[in-house]
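Colleague: Could you take me through a few features of this structure, giving the general idea of each before the particular case?

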Amino acid sequence: MIESDRELSAMVQKLWDNDINRLKPGKDYRISLQGKAGDSMNINDNNDGAGYPLFTFVDENIFKKETFLAFISLLDNYESDTGEPEIVTPEEVAENHKFLDSIVQTPTMKIAHKYLVKKHLSPEDETEFKKQLYRIWFELYARRGSSRPDSSGFEHVFVGETRGGRTVIGFHNWIQLYLQEKLGHIDYKGYSVNANSPQPDENKHILALQFSWKNGIKPKGSIFIGVSPEFEFALYTLCFLTSPNERVKVQFNFYDVEIVCHHYNQKHIGTTYPVLLRYLNPR
């Protein structure tokens with residue numbers, strides 16, 4: 001492991017240890033992995049590895065916590081089809097700021113901010129730091145094939161988008177997955193594994209999976225499960241600002257993970273998500 005990855009791993013371990021709002025598998029939520037997903041891109045394919053929803057239980061009292069509440073309020077602010085310009089209302093801008101206000105007060109974001117200041121990658125002033133976060137995550141840009149601003153890092157990663165109505169892109173967040181599944185918009189089709197990836201585990205916090213959403217299919221997605229919004233925000237912001245590479249290897253807790261983080265114009269997050277490489281012996 002190269003030195004920069006080792007340093008980043010130590011930071012991610014710190015974020016993990018201080019994620020006080022993380023849910024406990026089997027206690028705060030339960031998932032049902034069922035079977036392995038097929039290889040099909042067809043939404044109506046019968047090769048479905050799962051006849052039941054992914055989530056069998058989530059303690060929704062967790063969603064009353066400030067950062068969860070602020071995060072969930074953002075999920076309905078977007079037009080999912082790329083190519084459709086986003087109209088951002090003053091109310092939505094206020095909700096974005098409220099979310100940032102809530103997460104910068106959490107231990108995980110404070111740790112990330114302190115580290116980024118030390119590395120001269122973020123301003124020390126909290127108001128300026130929030131402006132930086134807003135630019136990275138919420139400023140709109142035109143995704144491929146579009147001439148008008150129709151996307152943002154937040155929408156792509158945490159909410160999900162559709163391309164041409166048939167393909168789901170982004171959508172790497174478990175809270176959005178759970179809420180959309182509850183509404184009947186998600187059909188979980190099973191977990192994804194290849195020859196090199198470890199078998200999924202219902203008690204672990206990272207999962208590769210296949211699902212359909214609305215009329216589109218996500219052939220393979222990868223998500224953290226049960227972590228807080230501030231943990232993901234801190235982790236991905238850290239990877240975006242500290243590494244020019246679009247793939248960063250980190251080790252923390254039980255996990256050896258590659259964080260994929262695509263930059264858009266060096267100013268915004270294009271996409272970012274975890275890829276589980278292997279399980280580690282517990283630290």
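**Reading the features**

Modeller: Let me begin with burial: Cys239 has 0% relative accessibility and therefore counts as buried, where buried means under 20% relative accessible area, exposed over 50% and partly exposed in between, with a 1.4 Å probe and protein chains only. This is a predicted model, in which local features need pLDDT of at least 70 and side-chain atom pairs count only at pLDDT 80 or more, while totals for chains, interfaces and linings use all residues. Residues are numbered from 1 along each chain as its sequence is written, and side-chain values use heavy atoms, with hydrogens and water left out.

Colleague: How many disulfides does a search of the whole structure find?

Modeller: A disulfide is a pair of cysteine sulfur atoms within 2.5 Å, and the search of the whole structure finds zero. Cys239 is in none, since its nearest cysteine sulfur, that of Cys261, is 6.3 Å away; Cys261, at 0% relative accessibility, counts as buried.

Colleague: Which residues of helix α7 are buried?

Modeller: Helices are DSSP runs of H or I with at least four residues, strands are runs of E with at least two, and both are numbered from the N terminus. Helix α7 spans residues 174-182 and is mostly covered, with eight of its nine residues buried, namely Trp174, Ile175, Gln176, Leu177, Tyr178, Leu179, Gln180 and Glu181.

Colleague: Why is strand β5 largely enclosed by the rest of the structure?

Modeller: Strand β5, residues 186-191, is largely enclosed because five of its six residues are buried. As for pairing, two strands pair if DSSP finds at least two bridges between them; five bridges join β5 to strand β6, residues 206-213, and the two run antiparallel, with Tyr188 standing opposite Phe211 in β6.

Colleague: At what angle do helices α3 and α5 pack?

Modeller: Axes are lines fitted to C-alpha atoms, for helices over the stretch in contact, and angles run from 0 to 180 degrees between N-to-C directions. Helix α3 (residues 90-103) and helix α5 (residues 126-137) pack at about 125°, with their axes 11 Å apart. Angles under 35 degrees count as roughly parallel, over 145 as roughly antiparallel, 65 to 115 as roughly perpendicular and the rest as oblique, so α3 and α5 are oblique to each other.
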